[in-house]
Amino acid sequence: MGMGRTAISAILAFSLAACGGGGGSSTGGGTTAGGSSGGGGGGTNVCSLGSRQDWVRGQIDEWYLFPDLIDQTVTKTNFGSVQGYIDALVAPARAQNRDRFFTYITSIREENALINSGSNAGFGIRLIYNESAQTVFVAEAFENAPAFAEGIDRGTQILEIGGQSVSALMSSGGSQAVVNALGPNDAGVTRSLRIRQPNGSESTVTITKAEFSLDPVSDRYGAKILDNGGTKVGYINLRTFIIDNAAQQLRDAFGVFRAEGVTQIILDFRYNGGGLISVAEVLGDLLADNRTGQVFSRTLYRSSKSAFNETRPFGAEPQAIAATKIAVIGTRGTASASELVANAFIPYLGDNIALVGSNTFGKPVGQIARDRSACDDRLRVVAFRSVNANDQGGYYSGLAGVMPRTCAAADDILTPLGDPGEASIAAALDFLAGRSCSAIGAAPGTTASSSEEPDRQQLMMPDTPSPAQLEVPGLL
């Protein structure tokens with residue numbers, strides 16, 4: 001699954017019951033390769049805090065990818081929440097940049113609803129903020145959600161929330177103050193927003209949060225064929241890997257690409273925090289019509305669970321193309337399953353694959369789901385790492401350090417996604433055409449902390465994100 005909890009400000013970020021916002025193919029089920037995950041806990045109240053903490057500890061002790069990086073001195077009674085206890089247990093791994101809030105407790109019911117249909121409640125926008133400038137913009141709007149119906153879309157700036165200026169909110173409480181002002185993600189919550197459109201016009205709109213389904217591939221710009229000096233380029237903007245129907249939407253898009261003879265591809269993953277590895281595998285197959293049977297990725301568990309290690313070859317898809325050149329658009333909001341797909345093609349394409357935009361988050365590990373249905377508890381525990389055919393996969397500081405080619409470009413939020421004139425898409429087209437570009441610089445630090453990079457645009461993440469916000473960074 002995607003990334004996790006309180007200390008993150010950029011994003012977030014598996015075949016088994018694992019997840020690719022963290023790196024596996026989440027089925028949303030309550031079992032893993034090891035079978036049923038119920039039981040444990042002790043005590044008469046199975047859902048007491050102590051019982052839940054005991055169950056979590058047992059799962060981590062059994063499955064955690066880094067058993068030597070579990071703090072054995074932690075006492076559960078020192079923590080008033082399950083997540084606080086988890087954070088303390090895996091703190092040594094986090095200190096080594098191996099588990100940046102990827103191990104977390106969530107709701108079985110809410111996560112299954114998200115995986116099965118993309119169901120969640122909110123305004124249906126991704127927000128991006130700049131801490132230094134104290135600004136908040138809409139990076140993307142979902143077509144079937146309330147905000148889009150009120151004329152809010154990519155490039156809309158939010159100036160006021162309920163009469164409070166965003167700059168004042170940011171000054172007093174950072175991005176979390178903005179999240180608080182927007183209210184809980186419950187259907188029926190209404191807010192008045194003062195907004196400024198890219199053309200400079202301002203207005204006040206009143207929006208009510210509602211249930212809506214996330215569409216993985218936008219009908220407006222999710223799949224297009226761009227003309228690059230006479231060469232047809234297939235453009236895919238995949239919003240998330242977490243929703244089951246993403247695979248069929250990708251097949252539909254690549255069916256068109258195949259019919260048009262497309263072999264050069266732009267994968268726009270700039271806000272994609274990951275999701276289901278099963279969807280990542282389908283995307284890999286669709287890009288590799290000429291590589292059926294060759295290694296897509298290898299999944300590696302801790303030594304005590306090595307019986308579950310697996311090599312996944314490229315499979316056959318009727319809509320597949322044989323991609324000759326791929327440009328992957330990324331940002332610090334790009335994680336997990338997105339990075340997995342890009343890493344898988346490095347051994348085969350070499351200098352014909354590039355990371356465009358900025359460095360990615362860096363999540364070469366994945367979570368499995370361990371469920372305790374009596375308490376609606378799903379533990380997403382980091383349990384495996386993914387490598388490509390050359391056994392490469394240690395990109396904990398992002399893909400920029402391992403990609404054969406990189407091209408630096410801005411995320412031009414004032415220009416629509418899918419537009420060949422948008423800065424990152426234009427740079428991707430330059431790479432595909434063999435035109436020059438400037439390389440992405442050194443990775444900007446080992447975490448996505450806003451305090452370390454105050455001038456960077458960051459996707460907004462609540463202190464306590466919902467399952468949907470874990471998987472779809474910036475969603476509100």
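A bit of housekeeping: the model is predicted, so local features need pLDDT of at least 70 and side-chain atom pairs pLDDT 80 or more, while totals for chains, interfaces and linings use all residues. Residues are numbered from 1 along each chain as its sequence is written, and side-chain values use heavy atoms, leaving out hydrogens and water.

Okay, disulfides. A disulfide is a covalent bond between the sulfur atoms of two cysteines; here the cut-off is sulfur atoms within 2.5 Å. The structure has two of them.

One joins Cys 47 to Cys 375, S to S 2.1 Å. Cys 47 sits in the loop between β3 and α1 and Cys 375 in the loop between β20 and β21, so the pair ties together parts 328 residues apart in sequence. (Helices are DSSP runs of H or I, at least four residues, and strands are runs of E, at least two, numbered from the N terminus.)

Are these two cysteines buried or exposed? Cys 47 is partly exposed at 31% relative accessible area, and Cys 375 is buried at 15%. Buried means under 20%, exposed over 50%, partly exposed in between, with a 1.4 Å probe and protein chains only.

The other disulfide links Cys 407 and Cys 437, sulfurs 2.0 Å apart. Cys 407 is buried, at 0%, while Cys 437 is partly exposed, at 29%.

Last, the helices. The axes of α1 (residues 49-63) and α2 (residues 82-89) come within 10 Å and cross at roughly 30 degrees. Axes are lines fitted to C-alpha atoms, for helices over the stretch in contact, with angles from 0 to 180 degrees between N-to-C directions. Contact means heavy atoms within 4.5 Å, and the residues making it include Leu 49 and Val 56 of α1 and Tyr 85 of α2.
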